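Subject: Structure handover

Hello,

Here is the structure I said I would pass on.

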Amino acid sequence: LTDEGHVLPIRVYFEDTDFSGVVYHSNYLKYMERSRTEWLRHLQIFHQELAKEDSAFAIHKMALKFGPPAVIDDLLTVRTELKKLGGARSFLRQDVLRVEPDGTETLLCGADVEVAFINHGGGAKRFPDELRDKLEGN
């Protein structure tokens, strides 16, 4: 965790690229999913434990903006930041950045993500106090 949220490093492999040698657009979503999951793990929130309580997280809405593409061997950083926590929704900002040789970062894909907390039937459910505390870093 950092002051800006959770950071996950990812290396681009051949399997991530399309026929033109750039990262296939849907793989940015996979990178973001991994980052959200690792962020939750860091907060001691585990999908298997939520499932035992008939609970899960589900993406409700996601707005993406793409920049320049990543290519094979790039070192990427996926940053996940909690922006707001509602009764049954969390609002995140996720950025996939390329780490340049001089140490600067280039934004490759950014997303505003709305995540619903649901029961297994698909209906929204309020965050329990213990889960809310963990998400807020308490």
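The largest nonpolar core has 28 residues. A nonpolar core here is a set of buried Ala, Val, Leu, Ile, Met, Phe, Trp, Tyr and Cys residues joined through side-chain atoms within 4.5 Å; buried means under 20% relative accessible area, exposed over 50%, and partly exposed in between, with a 1.4 Å probe and protein chains only. Among the residues with the most contacts inside this core are Tyr28, Phe57 and Leu131. At least two core residues each come from strand S1 (6-11), helix H1, strands S3 (75-85), S4 (89-99) and S5 (105-119), and helix H3 (129-135). S5 gives the largest share, 6 residues. Helices (H or I, at least four residues) and strands (E, at least two) are DSSP runs, numbered from the N terminus.

The model is predicted: local features need pLDDT of at least 70 and side-chain atom pairs pLDDT 80 or more, while totals for chains, interfaces and linings use all residues. Residues are numbered from 1 along each chain as its sequence is written, and side-chain values use heavy atoms, without hydrogens and water.

Beyond four places in sequence, phenylalanine 57 is in contact (heavy atoms within 4.5 Å) with residues including Leu40, Ile45, Val115 and Leu131.

Strands pair if DSSP finds at least two bridges between them. S1 and S3 pair antiparallel over 6 bridges, and histidine 6 has threonine 80 in S3 as its bridge partner. S3 and S4 also run antiparallel, joined by 9 bridges, and form a hairpin with 3 residues between them.

Regards
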